[in-house]
Amino acid sequence: MTRYLIKRILFMIPLLLGITVICFAVMHLAPGKPTDLQTQMNPKASAEMKERLLSLYELDKPLHVQYVSWLKKLTRGDLGTSFSSDHRPVADKILERLPITILINLLSLLIIIAVAVPIGVLSAVYQDSLFDKVTAVVVFVGFAVPTFWLALLLMIFFGIQLGWLPISGLRSLNYEYLSTWGQLVDLAGHLVLPVFISAFGGLAGLSRYMRANMLEVIRQDYILTARAKGLSERQVIYKHALRNALLPAITILGLSIPGLIGGSVIFETIFAIPGMGQLFYMSVMARDYPTVMGILLIGAVLTLLGNLIADVSYAVADPRIRIS
Amino acid sequence: MTFWEMFYNNKLALAGCGIVALLFVVSLFAPLLAPYDPGAIDLKNVLAPPSAGHWFGTDQLGRDVLSRMIWGARISLKVGFVATGLAILIGTILGAVAGYYGGWIDALIMRFVDIMLCFPTFFLILAVIAFLEPSIWNIMIVIGLTGWMGVTRLVRADFISLRERDFVTAARAIGAGDARIIFLHILPNALASILVAATLGIAGAILTESALSFLGIGVQPPTPSWGNILTAGKDNIDIAWWLSLYPGLAILITVVGYNLLGEGIRDASDPRLKR
């Protein structure tokens, strides 16, 4: 197991380096200099000042020198300083917004598993039943629904028509006057729609995948053996078949992480949630390059970590992986 | 059964085909079909709910929503085809080269694919767009440049399984060059799966474009696109539900259409399903 883990982590290093190269390339292949925005706005900017800005950001040096010094700063956790008027370190800006984004993504992962697995299993066990057919249609439409549109419709229905749920931000105006319990309920109410929207995209994919897996497992010989030795149908399905069908689903969950993180831009912007996705959107609009690059990097690293966790839990669950 | 017989017997695939054909017709004849000029501002008729005069209501400037949606269909069609075409072109060439030659070329290309797949696609698109002027051409190029990885894997897998076949050996025996073998002998055999990936890719590109336009970094107003009508829907969410409902429905139906068509082609070209 330890050997597998070490091998898996070593494999991450070239990917990590590749990620930094691509981030760096995106930043430097773009037309114009990142400092243009600061100098163009300022009519007093002299040629000498432009030079000074360029050397401040080390843009006057050859590309590979810039890359190495950028990488050195990166290893110290230094992502540069934001171009926005607060001039704060990018790492600080991202860190303070990361927890809420991770919280929402974890919650939606839990919901995806809790909902998609039973749906997939049931529609496989009762193949061609009414339930199977209805979920097939729902899943097919689920693949095609633009999530931001679904968010709008839910905001109109639950937020405006029914008035049940808040549609913006994380806290009500009277948050500070609520009891601890009341604050928790308030926060939960604000999270219902964002978490649902974030989970929605993954639901269709995983339930369909679980159904296909389950159908394949049910046809295996060991299921026949389990039935032949007189186990109840319940034991056959939920003990023997489900475990084996669940394994490959771990990988699918790992693969769905970039989609979830990418989707946070959309739902955080729509629901005005102060997370990393909203910061990314605002930085793109303001052309705050250091922050854009910092978040791009963090997003890729989070994806890499998610895949690592998925692979490791796969190895924990399936002895065949860690031996070979 | 032939491909066409299989396809013809699949009612869902035909429905998908019909939806896509309808999109083509609407885009082609947009100037004739649209009841109003999509840019005609009518300030006396702002945010009017759906009525006999304006079937889908009017927007915040009094423009007819139905007419804007009909013109918006052109954007969807264009973005879907150009972005996916670019992704398919890059993916096919890289996948063919990686699968055909193998060895270090293959390793290099596939590691690059792995690295690209680490980035949340939507993040990558936004980051590149931050440096460019938002315009329909830039959007199409960026969506294409960030969507080729799946196609590369697919084409590579096809090439690996095809390159050892007898017909390839025969072609090599009569002195055909690598390029000739790749493009004239192997590629036609991989065409079905590329076509499926392209059809499903168009659906994905349309969804991405609408999300970008919705966020205000895609197709810029006053050019109408389904995504940027929805932006107006969000801005007037408490008073004008029709701005939010209809454009999204159009996206949904279009994407369902391409997905049905793609799955229909997949089923019809899968020899295992032939009876």
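The secondary structure of chain B consists of twelve helices and zero strands, where helices (H or I, at least four residues) and strands (E, at least two) are DSSP runs numbered from the N terminus. Read from the N terminus on, the elements of chain B follow the order α-α-α-α-α-α-α-α-α-α-α-α. The model is predicted: local features need pLDDT of at least 70, side-chain atom pairs count only at pLDDT 80 or more, and totals for chains, interfaces and linings use all residues. Residues are numbered from 1 along each chain as its sequence is written, while chains are lettered from A and ligands numbered from 1 in the order in which they are written.

The C-alpha trace of chain B spans about 75 × 45 × 25 Å along its principal axes. Of the 275 residues in chain B, 46% are buried; a residue is buried if 20 or more other C-beta atoms lie within 10 Å of its own, exposed if 12 or fewer, and partly exposed in between, with C-beta atoms placed from the backbone. Among contacts in chain B between residues at least 6 apart in sequence, 70% join residues at least 24 apart, a contact being a pair of residues whose C-beta atoms, placed from the backbone, lie within 7 Å.

Confidence was examined through pLDDT, the predictor's confidence in each residue, from 0 to 100. Chain B has a mean pLDDT of 88, with 98% of its residues reaching 70 or more. Within chain B, confidence is lowest in helix α1 (residues 3-8), at a mean of 79, and highest in helix α4 (residues 65-101), at 93. For the complex, the predictor gives an ipTM of 0.85 and a pTM of 0.86.

Between the two chains, 36 residues of chain B are in contact with 38 residues of chain A. On the side of chain B that touches chain A, two or more residues each are given by α5 (103-118), α6 (121-131), α10 (178-214), α11 (226-235) and α12 (241-269) of chain B. The largest share of this side, ten residues, comes from α6(B). By type, the residues of this side of chain B divide into 26 nonpolar, six polar and four charged; Ala, Val, Leu, Ile, Met, Phe, Trp, Tyr, Cys and Pro count as nonpolar, Asp, Glu, Lys and Arg as charged, and the others, Gly among them, as polar.

In chain A, R211(A) lies in helix α8 (residues 180-218). R211(A) is buried because 24 other C-beta atoms lie within 10 Å. Not counting residues up to four places away in sequence, R211(A) touches G120(A), S123(A) and A124(A). R211(A) and P118(A), 93 residues apart in sequence, are 9.3 Å apart in space, C-alpha to C-alpha.
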